[in-house]
Amino acid sequence: MVLVLCWFLFFTTRTLALSTISPGQSIKDGETLVSASGNFELGFFSPGNSKSRYLGIWYKKASTGTVVWVANREASVSDASGVLSINDKGVLSIMNGTKGIVWSSNTSRNAAEESVAQLLDSGNFVVKDRIDNDPEKVLWQSFDYPCDTFLPGMKIGINFVTGFDRHLSSWKSMEDPAPGIYSFRIDPRGFPQLVLKKGPEILFRAGSWNGVYFTGKSVPKYYTVYRYEFFSNPNEIYYGYKARNSTIFSRYLLDPSGQIQRSIWNERKKDWEVFLTSDADQCLIYAYCGSYASCTTEGSPPCKCLEGNKPITDTSGRLTIDGGGILILLDGRNSSIWSLMVPRKAEAPVEQLLDSGNYVLK
């Protein structure tokens with residue numbers, strides 16, 4: 001009976017024939033917006049057995065009802081009186097039955113002449129000028145405020161100018177979408193890496209970017225289906241991915257237990273096919289083998305000590321060559337993240353940084 005009630009909250013909604021709302025319009029609890037191609041739906045919902053109401057976005061065409069974003073995740077509406085509206089300045093707000101503001105967006109740019117809020121087929125909810133479809137000129141977008149789900153087109157990263165940090169954060173529980181203790185973000189120190197954290201503690205790392213994907217894993221499954229990107233300059237650093245085919249649905253999910261699941265929707269089975277989890281490879285667990293040790297999934301035990309004597313380190317502190325001729329790349333905390341065996345010589349090998357940016361051994 002409880003399960004039936006949970007789904008009932010999703011499906012007894014009145015879908016408006018709209019993907020946008022303008023000043024003077026609103027979305028009441030029980031009404032929804034649907035993106036142009038029907039990929040995503042926006043409205044009020046209650047997670048699990050909770051009676052609290054939240055404004056969220058969920059899949060409509062695939063995996064119906066799976067929530068990907070929550071607006072008021074830290075301030076719920078206690079009953080079905082919630083209303084979403086947009087004002088003339090392009091600010092979104094959720095009000096409860098007493099007209100109290102439960103949640104509101106902020107805009108970092110000047111308001112458009114005619115602001116509208118639109119749910120896109122990517123799952124992004126944007127505030128923009130009605131006649132301007134330039135994605136770089138939106139006034140506000142939900143993709144800047146990820147919750148527990150990382151969708152194609154989103155970015156995880158940091159703007160060093162403003163300090164703005166886009167990252168995933170788990171729900172507290174299956175019935176409470178408030179930020180939990182787990183986060184998935186870019187650690188910009190040393191060689192930037194994607195890391196899973198429990199509070200301040202690093203639990204998992206995906207390795208550094210090699211120009212195609214993060215080195216902590218082999219070539220990702222479905223690599224030909226998605227285009228991965230990593231951008232870094234003195235002002236900003238971010239990671240994202242985009243689907244090469246817009247009909248394919250994929251997501252990263254950071255669940256309340258702290259596990260990251262990478263999955264793709266299988267339309268034939270009507271279910272998510274998980275092809276990567278954060279606990280699938282123990283060598284991705286941060287500092288699993290400690291300092292000066294390598295980790296492999298192809299042998300037992302997985303940890304092996306590196307041969308050699310006193311290491312020789314470059315001036316950056318990021319590249320070291322031990323006496324055994326092993327070139328080791330270090331992250332910002334002096335933990336090895338990559339190594340290469342080079343031929344032994346009578347004398348310790350000498351490293352040189354070329355103008356091209358390449359390291360060579362002599």
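**Exercise 1.** Let's start with glutamate 267, which has a relative accessible area of 42% in this predicted model. Is glutamate 267 buried, exposed or partly exposed?

*Solution.* 
- Step 1: recall the cut-offs, where buried means under 20% and exposed means over 50%, with partly exposed in between.
- Step 2: glutamate 267 has 42%, so this residue is partly exposed.
- Step 3: elsewhere, salt bridges with shared partners join Asp144, Arg166 and Glu236 into one network.

**Exercise 2.** Find the salt bridge of arginine 185: which residue is the partner?

*Solution.* 
- Step 1: the partner is aspartate 165, and the closest N and O atoms are 2.8 Å apart.
- Step 2: aspartate 165 is partly exposed, at 24%.

**Exercise 3.** Now try serine 115: is this residue buried or exposed?

*Solution.* 
- Step 1: locate serine 115 in strand 11 (residues 115-119).
- Step 2: its relative accessibility is 2%, so serine 115 counts as buried.
- Step 3: check what serine 115 touches beyond four places away in sequence; among these residues are Ser22, Pro23, Ile86 and Leu139.
- Step 4: compare sequence with space, where serine 115 and isoleucine 131 are 16 residues apart in sequence and 9.2 Å apart from C-alpha to C-alpha.

Technical notes. Residues are numbered from 1 along each chain as its sequence is written. This is a predicted model: local features need pLDDT of at least 70, side-chain atom pairs count only at pLDDT 80 or more; totals for chains, interfaces and linings use all residues. Side-chain values use heavy atoms; hydrogens and water are left out. Helices (H or I, at least four residues) and strands (E, at least two) are DSSP runs, numbered from the N terminus. Buried means under 20% relative accessible area, exposed over 50%, partly exposed in between (1.4 Å probe, protein chains only). Contact means heavy atoms within 4.5 Å. A salt bridge is a side-chain nitrogen of Lys or Arg within 4 Å of a carboxyl oxygen of Asp or Glu.
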